[in-house]
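Me: Can you walk me through this one? Structure first, then I'll ask.

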Amino acid sequence: MSKTGDFELVLGNRQILAMIVVAGIVLGILFGAGYIAGRHGETPGKQAPGKQAPAARELGEPARVPATMEFVRIAPGRFVMGYTWGEDAGLYKEIEERLEMDIRPDAISDAPPHRVRITKGFEMSKYEVSQGQWEAVMGAPPKHATRSDYPVEYVSWNDVQEFLRRINARNDGYLYRLPTEAEWEYAARAGTRGRKLNEMYREAWDFPPGWHGISIKRPVDVTDPNAWGLHGMLGNVAEWCQDWYGERYYRKSAKVDPQGPRRGSERVYRGGGANWVSFTTFVWTRASAGPEAGMDSVGFRCVREKAR
């Protein structure tokens, strides 16, 4: 056989091998997604009873989130903040049994539960800050921009402070800031205890759509609102809070309008992010990073108060 013939034969074998590898990867993805759905007692491609996943818009469709932010009024009130030993443990146990894996909470950081009083009402942005809103304020699109109605991400806590500085410089009668960690959880709970699986899944829509598993990014206005009228509190991107992070802060946290530790090395962020496992995200789940860190699936939303 000629050298040319040998070459063609080898090339054909490589092509066949490549096709086998690609097919294996595709089957692996489909099997993995089906496994996650199956562990939750669902049929792949079928949503849990009584809940219909919001329809995802194609990337080619026009964005509909305005460049200006919309705000929702949050009334003052009381709630129990943090992970409740005993009561919440049953929910973790239920999920662990379904998944055959350990997803225990950080009992040091997320607990103990403590009563908190929010004495002042405030307004919180209805949606996570979108990429279009970031560009409107900052004058340039964010890093890794995709489309204007997707949440902004890869923004550090320090970056957010510059965004807020520019909004406040407009002097429109409001003071804009990040929510405190207590305000964020109060808003996320929206009068609920946050212990039902549907409360976790409601906004952490996943891959493929309608399957409970790995959350994916969506336009900020796609998910159903919670009782306050806020969208995406547990999914899409996690959200920076104002507070410094303290691992054992809950043991000495103020009972009225807590502001977090006076100092620290990392800032708090809350909620679930895309590419995270949605069934491990609760309203009490805490996380932190250095204020200079800009991360995938971490963005923010704003709080505003009447300027004095």
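Reply: A term to start with: two strands pair if DSSP finds at least two bridges between them. Helices (H or I, at least four residues) and strands (E, at least two) are DSSP runs, numbered from the N terminus. This is a predicted model, where local features need pLDDT of at least 70, side-chain atom pairs count only at pLDDT 80 or more, and totals for chains, interfaces and linings use all residues. Residues are numbered from 1 along each chain as its sequence is written, and side-chain values use heavy atoms, with hydrogens and water left out.

Me: OK. How many helices and strands are in the chain?
Reply: The chain has six helices and 12 strands.

Me: In what order do the four strands of the open sheet run?
Reply: The order is 1-4-12-5, with antiparallel pairing. Strand 1 (71–74) and strand 5 (174–177) are at the edges with a single partner strand each, so one side of each has no neighbour in the sheet. On average, neighbouring strands of this sheet are turned by 30 degrees against each other, direction ignored. Axes here are lines fitted to C-alpha atoms, for helices over the stretch in contact, and angles run from 0 to 180 degrees between N-to-C directions.

Me: Which helix packs on the sheet?
Reply: Helix 5 (residues 181–189), which touches strand 1, strand 4 and strand 5. Its direction makes about 75 degrees with that of strand 4. Contact means heavy atoms within 4.5 Å.

Me: And what is the bridge partner of Met124 in strand 12?
Reply: Val303. Strand 4 (residues 122–125) and strand 12 (residues 303–306) pair over two bridges.

Me: Switching to helix 3. Why is it largely enclosed by the rest of the structure?
Reply: Because six of its eight residues are buried, meaning under 20% relative accessible area with a 1.4 Å probe, protein chains only (exposed is over 50%, partly exposed in between). Those buried residues of helix 3 pack against helix 4.

Me: At what angle do the axes of helix 3 and helix 4 cross?
Reply: Helix 3 (residues 131–138) and helix 4 (residues 157–168) cross at roughly 60 degrees, their axes coming within 9 Å. Gln133, Trp134, Val137 and Met138 in helix 3 meet Asp159, Glu162, Phe163, Arg166 and Ile167 in helix 4.

Me: What follows helix 3?
Reply: Gly139, with a positive phi near 85 degrees.

Me: Last one: how much of the chain is buried?
Reply: Buried residues are 49% of the 308 residues.
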